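Please view the sequence and the structure first.

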Amino acid sequence: MTHALLRISKEEGIKALYSGIKPALLRQATYGTIKIGIYYSLKSIYLLIVIISITFPDETLFKNVLCGITAGVIGSSIANPTDVLKVRLQAEKEAYAEKGMLRCFLDIYKNEGIKGLWRGVCPTAQRAAVCAGVELPVYDITKRNLILSGTIEDGVFNHFVSSFTAGLAGAVASTPIDVVRTRLMNQRKLRTALVDGARVQVLYTGSFHCAIHTVQTEGLLALYKGFVPTWVRLGPWNIIFFIMYEQMKRFY
């Protein structure tokens with residue numbers, strides 16, 4: 001990761017590290033808002049769901065995971081075009097260097113159709129289900145247990161520890177799906193891969209095919225490529241988000 005950061009900064013400039021920042025912000029404004037809104041809304045109205053309310057009447061891991069998975073799938077499915085834009089702008093700098101976000105959006109739609117904007121939506125939804133189904137429940141359960149045990153009272157430090165734990169858990173759970181999702185989104189037609197020592201062009205037909213092919217040609221650990229930068233991204237993101245979220249809740 002350090003080598004990549006230094007090389008990109010040296011060859012393309014610091015600005016290149018923020019390639020795709022606009023669709024990334026747009027994605028967070030859509031996906032993040034929808035995910036958190038649905039998650040906490042579902043938690044507050046779950047008593048209306050008879051089966052769940054009778055079986056799990058209190059704050060439970062099952063309830064939080066179910067709400068997190070639902071929120072992640074819905075939010076990511078709606079916001080998938082912004083994710084495709086972000087991946088393309090980050091991976092294909094030369095192709096989109098002089099184009100704005102709207103132009104890139106229109107180019108993808110024109111050349112690849114509506115399917116191009118929702119390319120990789122299945123692994124994206126799967127990743128979001130895993131991330132939201134792990135991060136949000138881990139944060140809530142960790143926060144609640146720290147308060148109930150008297151270890152750390154409800155405050156900024158509690159939110160920091162809980163969000164740090166949630167970020168680590170999310171990175172461990174989501175990295176394999178993130179690898180598959182990124183490869184599917186970044187391919188237009190064919191991808192060059194190493195098969196039996198020779199480089200051949202391969203078209204991933206789906207997330208399962210991509211995962212199996214990756215393991216067969218690159219080994220099981222290939223599914224954890226980029227784990228460190230994923231954790232470095234999810235850790236600070238969760239910490240900043242949840243601390244700000246908790247503080248803003250006090251004003252509304």
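Helices here are DSSP runs of H or I with at least four residues, numbered from the N terminus. The model is predicted: local features need pLDDT of at least 70, side-chain atom pairs count only at pLDDT 80 or more, and totals for chains, interfaces and linings use all residues. Residues are numbered from 1 along each chain as its sequence is written, and side-chain values use heavy atoms, without hydrogens and water.

Axes are lines fitted to C-alpha atoms over the stretch in contact, and angles run from 0 to 180 degrees between N-to-C directions.

| Pair | Angle | Axis separation |
|---|---|---|
| α7 and α10 | about 55° | 13 Å |
| α2 and α10 | about 60° | 14 Å |
| α7 and α8 | about 170° | 8 Å |

α7 is therefore roughly antiparallel to α8 (an angle over 145 degrees). Their contact has 16 nonpolar, 10 polar and five charged residues. Nonpolar covers Ala, Val, Leu, Ile, Met, Phe, Trp, Tyr, Cys and Pro; charged covers Asp, Glu, Lys and Arg; the others, Gly among them, are polar.

α7 and α10 are oblique to each other. So are α2 and α10, and their crossing is right-handed.

The largest pocket holds about 2000 Å³ of space. A pocket is an open set of points on a 1 Å grid where a 1.4 Å probe fits, with protein on both sides within 12 Å along at least five of seven lines; lining residues have an atom within 4 Å of a point. Of its 42 lining residues, L17, K86, Q90, P229 and R233 are closest to the centre. α1, α2, α4, α7, α8 and α10 each give two or more residues to this lining. By class, the lining has 19 nonpolar, nine polar and 14 charged residues.

Confidence is highest in α7 (residues 121-148), at a mean pLDDT of 89, and lowest in α3 (residues 50-55), at 52.

Terms used
pLDDT = per-residue confidence, 0-100. Points joined across faces, edges and corners; volume = space filled by probe spheres on them. Parallel < 35°, antiparallel > 145°, perpendicular 65-115°, else oblique. Left-handed = near helix turned anticlockwise from the far one by under 90°.
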